[in-house]
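Here is a short report on one protein chain. Please look over the sequence and the structure before reading on.

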Amino acid sequence: MNDNIRAPRVLLIHDGKQTEMSTRDAQEIANDLDQDLVLVQANAEPPVAKIMDWGKAKFEAQKKQKEQRKNQKIVQVKEVRMSPVIDSGDFETRKKAAIKFLSQGNKVKLNLRFRGRMITHQDIGRQVLDRMAAELDDIAKVEQRAKMDGRQMFLVLAPKDAK
């Protein structure tokens, strides 16, 4: 920026025109307009410079970045724990919890814990997870299929796009 530009010649972009000139002349034009000479593309041959109000450009960039952070949605993974021998009432309660999490825009990890000799009947656990995924099919899509991890089986659901 300004006097820190070391290149002897620059391609000056000003008022929609591109002109190749010495850096000193470009700096004088910028000073006459009471603005800054900013190097836009230093690796080009010759380097590209632009006349602008650097403080205003920097402020606009910060403002845009702040707006993007504000609009950013952080997706969390909420966990719903179940058992392979879950009763229909408990199943409905877990389903309501999953619906609430999905409607808030969060992902849901359905976690099925096997206890004791239940581990020998993994097919029953898979049926429970598949049933839950099928019942939530209208608002969620399966992001990760049912998978064993030690004595637990889990399945990850993500909300379908609202669009």
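## Domain layout

The C-alpha centres of domain 1 and domain 2 lie 57 Å apart. This is a predicted model. Domain 1 covers residues 2-68, and domain 2 covers 77-159.

UniProt, in an unreviewed entry, lists residues 75-160 as "domain: Translation initiation factor 3 C-terminal". That span is 35% helix and 36% strand. Its end C-alpha atoms lie 13 Å apart.

## The sheet

Four strands make up an open sheet. Their order is β5-β6-β8-β7, and the pairing is mixed. Strands β5 (77-82) and β7 (140-149) stand at the edges. Each has a single partner strand, so one side of each is left without a neighbour in the sheet. From one strand to the next, the twist averages 20°.

Strands of a sheet pair through backbone hydrogen bonds, either parallel or antiparallel. Which way do β5 and β6 run? They run parallel, joined by six bridges, with β6 spanning residues 107-113. On β6, V108 is the bridge partner of K78.

## Helices on the sheet

Helix α3 (residues 88-103) packs on the sheet. It touches β5, β6, β7 and β8 (152-159). The direction of α3 makes about 175° with that of β5.

Helix α4 (residues 122-135) packs on the sheet too, touching β5, β6, β7 and β8. The direction of α4 makes about 10° with that of β8.

I86 lies in the loop between β5 and α3. What does I86 contact, leaving aside its neighbours within four places in sequence? The contacts are F91, R94 and V128. I86 and G105 are 19 residues apart in sequence. In space they are 26 Å apart, C-alpha to C-alpha.

## Nonpolar cores

In soluble globular proteins, nonpolar side chains tend to be buried together. The largest nonpolar core here has 21 residues. Among its members, M82, L110 and L129 touch the most others. At least two residues of this core come from each of β5, α3, β6, α4, β7 and β8.

L110 is in contact with V80, M82, L129, M132, M153, F154, L155 and L157, leaving aside its neighbours within four places in sequence. A second, separate core has nine residues. Among them are V10, A26, L37 and I51.

How values were computed: Residues numbered from 1 in each chain as written. Predicted model: local features only at pLDDT ≥ 70, side-chain atom pairs only at ≥ 80, totals over all residues. Heavy atoms only, no water. Domains from an automatic or database assignment. UniProt positions renumbered as here; feature names shortened; annotations may be inferred. Pairing = 2+ DSSP bridges. Axes fitted to C-alpha atoms, helices over the stretch in contact; angles between N-to-C directions. Contact = heavy atoms within 4.5 Å. Core = buried A, V, L, I, M, F, W, Y, C linked by side-chain atoms within 4.5 Å. Buried < 20%, exposed > 50% of the residue type's maximum accessible area, 1.4 Å probe, protein only.
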